[in-house]
Amino acid sequence: MSDRYCVLGNPVGHSKSPLIHHAFAVQCRQPMSYQAILAPIDGFADSVRRFVAEGGRGANVTVPFKEQAFQLANRLSSRATVAGAVNTLLFDGDAMVGDNTDGAGLLRDLTLNLAFPLAGRRVLLLGAGGAARGVVAPLLDEGPAALVIANRSAARAEDLARHFATTATVVGGDYQALAGESFDLVINATSASLAGELPPLPPGIFAAGSLAYDMMYGDGARPFLALADRQGAARLADGLGMLVEQAAEAFHLWRGVRPDSAPVIAMLRGVVPDPAARR
Ligand code: ATR
């Protein structure tokens, strides 16, 4: 009998998680299965309980259920508590442990795969929604010289910065406030591309040698990375590496072994277009 895992979302048909975890399981010789489950918009908790009753051992949680998973878990990791959202559940007897591996996944992609250390760098985070919130603490842990959070509604960015203001290095505001500033790393955590729009970046944002990173991957990352390319970013990256690294963190939590992410990123790149590839 193999152990059962799943990803719960709505929609979930596009999810690459089954492909990723199947590849990890083969690589690490783990007897497990992994499926995508479409949870009704008003039926997330019921779907989780049914999966547990059927013997499920763990689950990933994606849009729009990460905050509900945070409420449902009866034990939380410190990084889930800080993020206010859960993307990974572990079922152990009566315990439903909630964790959040998104921030760790982003940091592993930046510092290991892209060899872009953050200590002493100036970092700009675009957006102040759930995706941005999950990565603020892990970014600050790396010791950047500054972390600026810019958002369409400035108050939301200011609130987020205030929430994490244990040091003087994090501030929030609107896009106009960025005029005259430049950054070594610019991370797009907005959903603007989904509406066919772009965050209104003033010119001069990208410092010499800077990296533009979109937390979306494939075609979803194309509009922002094209903008960054036009505005002079030296390097471009989509979030495919983050996707695989957050999965590797979840796999490690569930199975106690850390898969090698590089061959899985390469395998996915075969089916996901690379918007960072320059002509
Ligand atoms: P997610 O969980 O993906 O972060 P969210 O919590 O709805 O989703 O947050 C979406 C983020 O994208 C917000 O920062 C939002 O800005 P506002 O807080 O001002 O709404 C940002 N966003 C969405 N559409 C945008 C657009 N067209 N231009 C700029 N920012 C946009």
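Author: Start with E197. An N or O atom in its side chain is 2.4 Å from a nitrogen atom of the ligand. R156 also reaches the ligand: an N or O atom in its side chain is 2.7 Å from a ligand oxygen. G130 uses its backbone instead, with a polar atom there 3.1 Å from an oxygen atom of the ligand.

A word on the source. This is a predicted model, where local features need pLDDT of at least 70, side-chain atom pairs count only at pLDDT 80 or more, and totals for chains, interfaces and linings use all residues. Residues are numbered from 1 along each chain as its sequence is written, and side-chain values use heavy atoms, without hydrogens and water.

Now step back. The protein has domain 1 (3-100 + 241-278) and domain 2 (103-238), with bounds from an automatic or database domain assignment. Their C-alpha centres lie 24 Å apart. Across the boundary, 22 residues of domain 1 are in contact with 29 residues of domain 2; contact means heavy atoms within 4.5 Å.

How much area is buried between domain 1 and domain 2? About 1,800 Å², and carbon and sulfur atoms give 56% of that. Buried area is the accessible area (1.4 Å probe) that two parts lose on being put together, summed over both.

Charges meet here too. The interface of domain 1 and domain 2 has 2 salt bridges, each a side-chain nitrogen of Lys or Arg within 4 Å of a carboxyl oxygen of Asp or Glu. On the side of domain 1 that touches domain 2, α4 (78-83), α9 (240-255) and α10 (262-269) each supply at least two residues. Helix α9 gives the most, with 6 residues. Helices are DSSP runs (H or I, at least four residues) and strands are runs of E (at least two), numbered from the N terminus.

The side chains of R255 and D3 form a salt bridge, 2.8 Å from N to O. R255 lies in α9 and D3 in strand β1 (residues 3-9), so this pair ties together parts 252 residues apart in sequence.

Definitions and conventions
A polar contact is a pair of N or O atoms within 3.5 Å; within protein, one must be able to donate a hydrogen and the other to accept it, and residues adjacent in sequence count only if both atoms are side-chain atoms.
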